[in-house]
Amino acid sequence: MSIITETIERIKLSNCATDSTFFQAVREVLESINPLIEADPKYQENSIIKRLVVPDRQIQFKVSWLDDKNEIQVNNGYRIQFNNALGPYKGGLRFHPSVNAGILKFLGFEQILKNSLTGVAIGGAKGGSDFDPKGKSDREVMKFCRSFMEELYKYIGATVDVPAGDIGVGAREIGYLYGAYKSFTSKSEGSLTGKPLFFGGSLMRTEATGYGVVYFASEMLKIEKKSTLENKICTVSGSGNVAIYTIEKLRQLGAIPVTCSDSTGFVYDKNGIDSELLKVLKFQKRTSLEEYKKTYHHAVFTKIEDYQEDSHGVWSIPCFAAFPCATQNELTEIDAQNLISNGVQIVTEGANMPTTPEATVLFQKEGILFAPAKAANAGGVAVSGFEMSQNASMDTWTTEHVDSKLKETMRQISQNVSQTASFYGHDKNYVIGANIAGFKKVADAMIAEGI
Ligand code: NDP
C-alpha cells in the first residue's frame with residue numbers, strides 16, 4: 001500500500017464520522033500530489049504526508065456571554081493551528097451555527113496550501129464558533145466577541161497566529177475582537193487582519209478576495225487563450241463579502257453577473273446584479289435577498305423551498321462563467337451537468353471547496369476550465385499578509401499600490417499553478433497544479449526545519 005493510500009485510509013478511520021469535509025479535502029490533496037511524491041523520495045523519507053495531515057494544535061474552549069435579556073448563553077470556540085512551517089499561523093474565524101471542529105480542520109488544512117501559494121510567509125490555521133451573529137444586536141455581538149477573545153488571546157499574536165474574517169465575521173466582528181485583544185493584552189499589534197482602516201486595517205482588504213477571484217479567472221482565460229469576461233453572462237452564488245466584490249469586479253470588467261444567492265433563495269437579474277444594493281441589504285440592513293425586488297421589480301427571486309430537486313437555483317441559469325462564492329459543497333454533480341449543458345466555459349471557486357468532488361471530476365472530464373479555491377480565492381489572505389507588513393512597518397499603502405500587488409499576486413499564482421500542472425504531466429489541471437505547488441513549498445520548509 002502506498003503512503004498516500006495508507007494515509008487516506010487512516011484519516012478515513014479516525015475522522016470520517018465527524019470530519020467528512022476534512023476527509024474530502026485531504027483525499028483530494030493527497031491523490032493529486034502523487035506525481036511529486038513518486039518523483040522525489042525525500043517526502044516519504046521525511047514522513048511529510050503523515051506530518052502534514054495532523055494539526056499542530058487544536059484548541060477548543062467554552063464561550064459564555066450575556067444576551068440582551070441578561071440571560072447566559074454558551075457557545076463553542078475553536079482555533080485549529082495547523083502548520084507554521086512557512087510563518088505565523090494565519091486563517092479566518094467563522095461564526096456560523098454549522099461550525100464544528102471537523103469543518104475547521106478542513107478549512108485549516110486547505111489554508112496551509114493556499115497561504116503557501118500566495119508567496120507571503122504565513123502558515124495555515126482556522127477558527128471560529130457555532131455562534132450565529134444573525135438576529136443578534138450589535139451589543140450582543142460585541143459581548144460574544146469579548147468573551148471569545150478572553151480565551152483566544154492566549155494563543156495568538158502578530159508573530160504567532162493572526163486570525164482574520166470568514167463567514168459571519170466581517171469588519172464589525174473584527175473591530176470588537178481586536179478591541180478585546182487590546183484590552184486583555186495591552187498590545188496594539190497586528191494580531192488580527194481585516195481591521196477597520198482607522199486602526200491598522202489595509203485599504204482593499206474588504207474587496208481583496210472577490211477582486212482576486214476575478215483577476216484569477218481573467219488570467220486563467222488568458223493563459224488558456226480563451227476569450228475575456230467582457231460582455232459575458234456570469235453566475236455568482238452567495239451575497240456576502242466574497243460574492244459582492246466578485247460581482248463588483250465583474251461589472252467593472254464589463255461582464256454581466258446575473259445572479260446572487262443567500263440562505264433564503266436566489267436572485268436572477270438579467271440586467272446584471274447591483275452590487276451597491278447588495279452592500280446595503282447585506283452589510284447595513286442584514287436582511288434577506290428577497291428585498292432586492294423592491295428596488296428592481298423586473299428581477300426574479302426564487303425561494304429556496306421552491307428550488308427544483310434537480311437544480312440548486314443559481315446553477316440552472318445559462319452562463320459563460322460560474323463563480324460559486326457561498327459555502328462548501330454547494331455545487332453538486334447535477335449542478336455541474338446543468339452548467340455544462342448550458343455551455344459554461346470556466347468555473348472559478350470563490351468559496352472554500354464549494355464544488356463536490358463528483359462535480360469537479362465532471363468539469364475536468366468535459367474540458368471546462370476549473371479554478372480551485374486554494375488558488376482562486378487566495379487574494380484575501382494575500383492582502384491580509386500585506387496588512388501584516390503595513391502594521392509591522394507602521395505604514396499605509398495606497399489603494400492603487402495594494403490593488404496592483406493583488407493583481408500581480410493572482411497573476412503569479414495562476415502562472416505557477418498552470419506551469420506546475422504542465423511540468424508534472426497534467427496540462428490544464430489547476431487542481432493538481434495548485435496542490436503540488438502549494439504542498440512542495442511547505443514540505444520543503446518542513447524538511448529544512450526538521451522535527
Ligand atoms: P459571508 O458571511 O460574508 O457571506 C456568506 C454568504 O453566503 C451569505 O450571503 C450567506 O447567506 C450565503 N450562504 C451561506 N450558506 C448558503 C447556502 N447554503 N446557499 C446559498 N447561500 C448561502 O462570507 P464570505 O463571503 O466571507 O465567505 C464565503 C465563502 O468564501 C466561504 O466559503 C469562506 O470560507 C470563503 N472565503 C472567504 C474569504 C474572505 O476574505 N471573506 C477568503 C477566502 C475564502 P445569508 O446572508 O442568508 O447568511
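Reply: A residue counts as buried when its relative accessible area is under 20%, and as exposed when that area is over 50%; values in between are called partly exposed. The model is a predicted one.

The side chain to look at is that of Gln390, which sits in helix H16, residues 379-393. Gln390 has a relative accessibility of 3%, so it counts as buried. Apart from residues up to four places away in sequence, Gln390 touches Ser202, Asp395, Thr396 and Trp397.

Thr193 is in the loop between helix H8 (171-185) and helix H9. Its relative accessible area is 0%, and it is therefore buried. The side chain of Thr193 makes a polar contact of 2.8 Å with the side chain of Lys90. Not counting residues up to four places away in sequence, Thr193 touches Lys90, Val162, Pro163, Ala164, Gly165, Ile174, Ser384, Glu387 and Met388.

Thr355 lies in the loop that runs from strand E12 (346-348) to helix H14 (357-365). With 3% relative accessibility, which is under the 20% limit, Thr355 counts as buried. The side chains of Thr355 and Glu349 are joined by a polar contact of 2.6 Å. Beyond four places in sequence, Thr355 is in contact with several residues, among them Gln24, Pro324, Leu331, Phe363 and Phe370. Ile317 is 38 residues from Thr355 in sequence, and the two C-alpha atoms are 17 Å apart.

Asn329 is also in contact with Thr355. Asn329 lies in the loop between strand E11 (321-323) and helix H13 (333-341). A relative accessible area of 26% falls between the two limits, so Asn329 is partly exposed. Most residues other than glycine have a negative phi.

At 53% relative accessibility, a value over 50%, Val74 counts as exposed. Leaving out residues up to four places away, Val74 touches Lys62, Val63 and Ser64. Phe144 is 70 residues from Val74 along the chain, and their C-alpha atoms are 9.4 Å apart.

Val74 is a nonpolar residue on the exposed side of the scale. In soluble globular proteins, nonpolar side chains tend to be buried together. The largest nonpolar core has 53 residues, and Phe216, Leu229 and Phe323 touch the most other members. Helix H9, residues 205-223, gives the largest share of this core, nine residues. A second, separate core has 41 residues, including Ile33, Ile37, Ile48 and Ile436. Of the residues in the largest core, Phe323 is worth a look for its contacts. Leaving aside neighbours within four places in sequence, they include Val213, Ala217, Val236, Leu250 and Trp315.

Helix H9 comes up again at the ligand. H9, helix H10 (241-252) and strand E8 (259-262) each supply at least two residues of the shell around the ligand. That shell has 23 residues, of which Lys134, Asp166, Thr209, Ser263 and Asn352 are the closest. Sorted by class, the shell consists of five nonpolar, 11 polar and seven charged residues.

An N or O atom in the side chain of Asp166 is 2.6 Å from a ligand oxygen. For Arg94, a polar side-chain atom lies 2.9 Å from an oxygen atom of the ligand. For Gly168, a polar backbone atom is 3.0 Å from a ligand oxygen. On its own, the ligand has 890 Å² of accessible area, and the protein covers 82% of this.

Methods: Residues are numbered from 1 along each chain as its sequence is written. This is a predicted model: local features need pLDDT of at least 70, side-chain atom pairs count only at pLDDT 80 or more; totals for chains, interfaces and linings use all residues. Side-chain values use heavy atoms; hydrogens and water are left out. A nonpolar core is a set of buried Ala, Val, Leu, Ile, Met, Phe, Trp, Tyr and Cys residues joined through side-chain atoms within 4.5 Å. Buried means under 20% relative accessible area, exposed over 50%, partly exposed in between (1.4 Å probe, protein chains only). Helices (H or I, at least four residues) and strands (E, at least two) are DSSP runs, numbered from the N terminus. Contact means heavy atoms within 4.5 Å. A residue is near a molecule or strand if one of its heavy atoms lies within 4 Å of it. A polar contact is a pair of N or O atoms within 3.5 Å; within protein, one must be able to donate a hydrogen and the other to accept it, and residues adjacent in sequence count only if both atoms are side-chain atoms. Accessible areas come from the Shrake-Rupley method with a 1.4 Å probe; for residues, only the protein chains shown count as cover.
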